[in-house]
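Hello,

Here is the structure I promised to pass on. Please open it and keep it beside this note as you read.

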Amino acid sequence: MSTENQVRQILQDIEQVMRDLQLWHEMPPEAEAFDSVEPFSVDTLSAEQWLQWVLIPRIYALLAAGSALPTRFAITPYFEVAMPDAVRLLAALQRLDDLLNIED
């Protein structure tokens, strides 16, 4: 399976885990919440909101455009702090980190 297809599958897995844990939001945050300049938009979005409304769409957009995917990638440490009890979500995020964290 290509890296792109593996990434798509992991993103789908992340969404499913978030739905299972009732962390998936039907309505997006207010538009102003996306104006943050802080890492992970910590000042305007919850961790799961950032994941759902920022990271997942951005990676899908990269895939759709045929753009290069990030090669130094590590979001799991943030989520280990922000959501330490979300074990299944952390496992899925770690799979994404492992796939995209390519050494030069």
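First, a term: residues are in contact when heavy atoms lie within 4.5 Å, and buried means under 20% relative accessible area. Note too that this is a predicted model.

Start with helix 1. It has 18 residues. From first C-alpha to last, helix 1 reaches 25 Å, close to the 26 Å expected at 1.5 Å a residue. Its buried residues include Val7, Ile10, Leu11, Ile14, Val17 and Met18. They cover an arc of only 125° around the axis, which puts them on the same side of helix 1. Among the elements covering the buried residues of helix 1 are helix 2 and helix 4. After helix 1 comes Gln22, with a positive phi near 60°.

Next, the loop between helix 1 and helix 2. Phe40 sits there. Leaving aside residues up to four places away in sequence, Phe40 touches Trp50, Ile75 and Tyr78. Tyr78 is 38 residues from Phe40 along the chain, yet their C-alpha atoms are separated by 8.5 Å.

Last, helix 4, residues 87-100. Its 14 residues should span 20 Å at 1.5 Å a residue, and the end C-alpha atoms are 20 Å apart, which agrees. Buried residues of helix 4 include Leu89, Leu93, Leu96 and Asp97. The buried residues of helix 4 pack against helix 1 (3-20), helix 2 (47-65) and helix 3 (76-82).

Best wishes

Methods:
Residues are numbered from 1 along each chain as its sequence is written. This is a predicted model: local features need pLDDT of at least 70, side-chain atom pairs count only at pLDDT 80 or more; totals for chains, interfaces and linings use all residues. Side-chain values use heavy atoms; hydrogens and water are left out. Helices (H or I, at least four residues) and strands (E, at least two) are DSSP runs, numbered from the N terminus. The expected span of a helix is 1.5 Å times one less than its number of residues. Buried means under 20% relative accessible area, exposed over 50%, partly exposed in between (1.4 Å probe, protein chains only). The arc is that of the directions from the helix axis to the C-beta atoms.
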